[in-house]
Amino acid sequence: MIQDKPNTPTAPTFRWSDFFETWGGLIAFVALAAFCSLFPGTRDHFLNPENIRNIIHQNSFIGIIAIGMTFVIISGGIDLSVGSMAALIGGLSIYAMNKVIGGMESEWMGVVAACVAAPLIGMGLGLINGLLITKGRIAPFIVTLGGLAGYRSIILAMADGGEVRSSSMNLFEAISSPRNGIPLPAWHNAAGDQVSMSITWPIIIFLLMAVIAQVVLSHTRYGRYTIAVGSNETAARYSAINVDRVRIITYTLIGLCTGIAALLLSSRLNSVGASNTGNLFELDAIAAVVIGGTRMSGGKGRVWGTIIGVLILGMIDNVLVLADVSTYWQGLVKAGVIILAVLLQRSRSEN
Amino acid sequence: MACTTHRRLSLTTAALTLAALALPAWSAAENPATSSPAPVATENTVEQPTSAKLRIGISIPAADHGWTAGVVWWAKKAQELYPDVDFTLATATTPQKQISDIENMMVKGIDGLVVLATESAPITPIAKRAHERGIYIVNVDRGFLEPVADLFLEGDNKAFGRKSAQFMVDRLGGKGKIVILEGIPCTVNSDRVNAALEVFKQYPDIEILGQQPAMWNRQKGLEVMQTFLVKHKKIDAVWAQDDDIAMGAYKAIKEAGREKEMWMLGGAGMKEVVKMVMDGSAMFPANITYPPSMIATGIHMAVSNLRDGHRAPVSQFMPKHLMIDVELITPQNAKDYYFPDSVY
């Protein structure tokens, strides 16, 4: 019923614009990676396995949120509240954990409490956003702009503007520590030293969620409905799709993603800075989704593109430091790569 | 009953709304000259005594990193000392917001204003207007472009950069490989970093391996340091200039198992770091103050210079410019800078 690619199946003629629309993000990714591997300022370190692991690990938190953002944007919405929400969820989970550790004197139970609390609080907050948008009939931009200010404000008030510190000594930190995870077989590097490295839990969770999300998007009824709602809401309504329900599920889903990301991130720092944790995450997540080829106005998109978007953003941050680019010029380099990546894959329909 | 409560509630709301709308009139009504008590509900519903309370406005940047959170905390702490003073505290993320905050305070009718400017230039005109109205202005940390403040309490960011860099050079014996972690690009950051670079440049054997922004933020400090550690096989010291950054970078160093190889100098006296200095940590041999409590100093000065008609006599001897020196925190004096219940 809903065709997200109206031309390609019947039209055998090859068009470069179609090719770039599909593969532009990937081409930009490969080109950037190739450039970083060859550029004199970065080539010595960029392909170092540890560096690559660091890039994916550091960006898995944003990546998990961006997966949820992909669904929201495909459904024709936007969520600006995720950064503040991550700080609030992280803070509340640490409070819950500290309470349990203090009360039951078991670090294990405390960490379990945080792991249970974070996704649930995230889904709860996402559900509130979804209900305000659908039942309250307020534009997603406004509702989540409110969330951006409001959630941050709650955690600032609770933490008195400072930091929420975990009382777990090692166990909570262990979840996101780069030392843990699934160990890769050890190898010898160029200098002859034996090197071992793990694929960390945040990376595993991020990639696993990406695979599940791509399957949900392209192979389930919910996924097809999300695309339908985003491409033409009125048509979706006439086709007896419960548009409100699809929307509510979408915002609850990004809440869940934010909850998981918040848990991993607060484990990474073993604390949450009420004032700065999650700052501008919403923009990074939206940028990743758009770089990945999802249409800003909804109705079309892909999770794997978002993953590429996240990695492109992460690679830029990484090579700026490796090449020691001056602080003031970093923004321009970033802007250039982002615009180029999107330019490569613009579709004719949007011109 | 339920109906009455509801009506009373809505009446109160209406009264509050009116009060908010008629703010200029409201403040005029509460002016000691007119002396008739205003019949509207005041925000804190405290009866105004016949002799008007001292009113002081405090305008500071919003907590967007650890140090500014410390400023907000100390501002609240100083207010608690003077329950008899009517304080208005506003935090601003941008100069635009700060200008409206100060305008609102002027409408409310303040006697004194304590300002830590988000940016110097845009806040100068509004400070000038307040000055022309006869409001006593204490300017903290970031100076105005014109001499409109009655008292300017300045933190010395250049000395911060100079002293911390000199400590690092001396401890390295004038020779070593260092990395520099910068804050959010702005005047404060440039003052610190440029002053430090001037010192480092005098020592040709000090090699700066990298210099990157870490946004006064723990996560950024961690991530940038991870990349530095991949890139540089040998680092002797890390000049981090802020303790949020330093804590993040410290984590990266620990995870890489390279604690023995290098040491670090943060700055601004975060309690965890001061504690480590106090305990003789090898990673943090020292720290440098840039006390967020300077806002409390400013509030205290404003109150004591204004109360009981002190303004005129005090102005005869009070200097117009006080520079707060930055001090090196070492294991010997660390206990004087350790505030375990502070947020920072």
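Author: Let us begin with a helix that is mostly covered: 13 of the 14 residues of α8(B) are buried. Please bear in mind throughout that this is a predicted model.

Reader: How many residues does helix α8 of chain B have, and what distance does it reach from its first C-alpha to its last?

Author: Helix α8(B), residues 218-231, has 14 residues and reaches 20 Å, close to the 20 Å expected at 1.5 Å a residue. Its N-terminal end is capped by N217(B), a side-chain oxygen of which lies 2.8 Å from the backbone nitrogen of Q219(B).

Reader: How are two packed helices described?

Author: One gives the angle between their axes and the distance between the axes. In chain A, the axes of helix α1 (residues 16-38) and helix α14 (residues 330-344) come within 7 Å and cross at roughly 145 degrees.

Reader: Which residues of α1(A) and α14(A) meet?

Author: From α1(A) come F20(A), G24(A), I27(A), A28(A) and L32(A); from α14(A) come V337(A), A341(A) and L344(A). Seven of the residues in this contact are nonpolar, one is polar and none is charged. The spacing along a helix follows a general rule: an α-helix has 3.6 residues a turn, so residues three or four places apart point the same way.

Reader: In what order do the strands of the open sheet in chain B lie?

Author: The four strands run in the order β7-β6-β8-β9, with parallel pairing. At the edges are β7 (206-213) and β9 (263-265) of chain B, each of which pairs on one side only. From one strand to the next, the twist averages 20 degrees.

Reader: How many bridges join β8(B) and β9(B)?

Author: Strand β8(B), residues 237-239, pairs with β9(B) in the parallel sense over three bridges. W239(B) stands opposite L265(B) in β9(B).

Reader: Is L280(A) buried or exposed, and is Q241(B) buried or exposed?

Author: L280(A) has a relative accessible area of 53% and is therefore exposed, the cut-off being over 50%. Q241(B), at 0%, is buried.

Note on methods. Residues are numbered from 1 along each chain as its sequence is written. Chains are lettered from A and ligands numbered from 1 in the order in which they are written. This is a predicted model: local features need pLDDT of at least 70, side-chain atom pairs count only at pLDDT 80 or more; totals for chains, interfaces and linings use all residues. Side-chain values use heavy atoms; hydrogens and water are left out. Axes are lines fitted to C-alpha atoms, for helices over the stretch in contact, and angles run from 0 to 180 degrees between N-to-C directions. Helices (H or I, at least four residues) and strands (E, at least two) are DSSP runs, numbered from the N terminus. Contact means heavy atoms within 4.5 Å. Ala, Val, Leu, Ile, Met, Phe, Trp, Tyr, Cys and Pro count as nonpolar, Asp, Glu, Lys and Arg as charged, and the others, Gly among them, as polar. The expected span of a helix is 1.5 Å times one less than its number of residues. Buried means under 20% relative accessible area, exposed over 50%, partly exposed in between (1.4 Å probe, protein chains only). A polar contact is a pair of N or O atoms within 3.5 Å; within protein, one must be able to donate a hydrogen and the other to accept it, and residues adjacent in sequence count only if both atoms are side-chain atoms. Two strands pair if DSSP finds at least two bridges between them.
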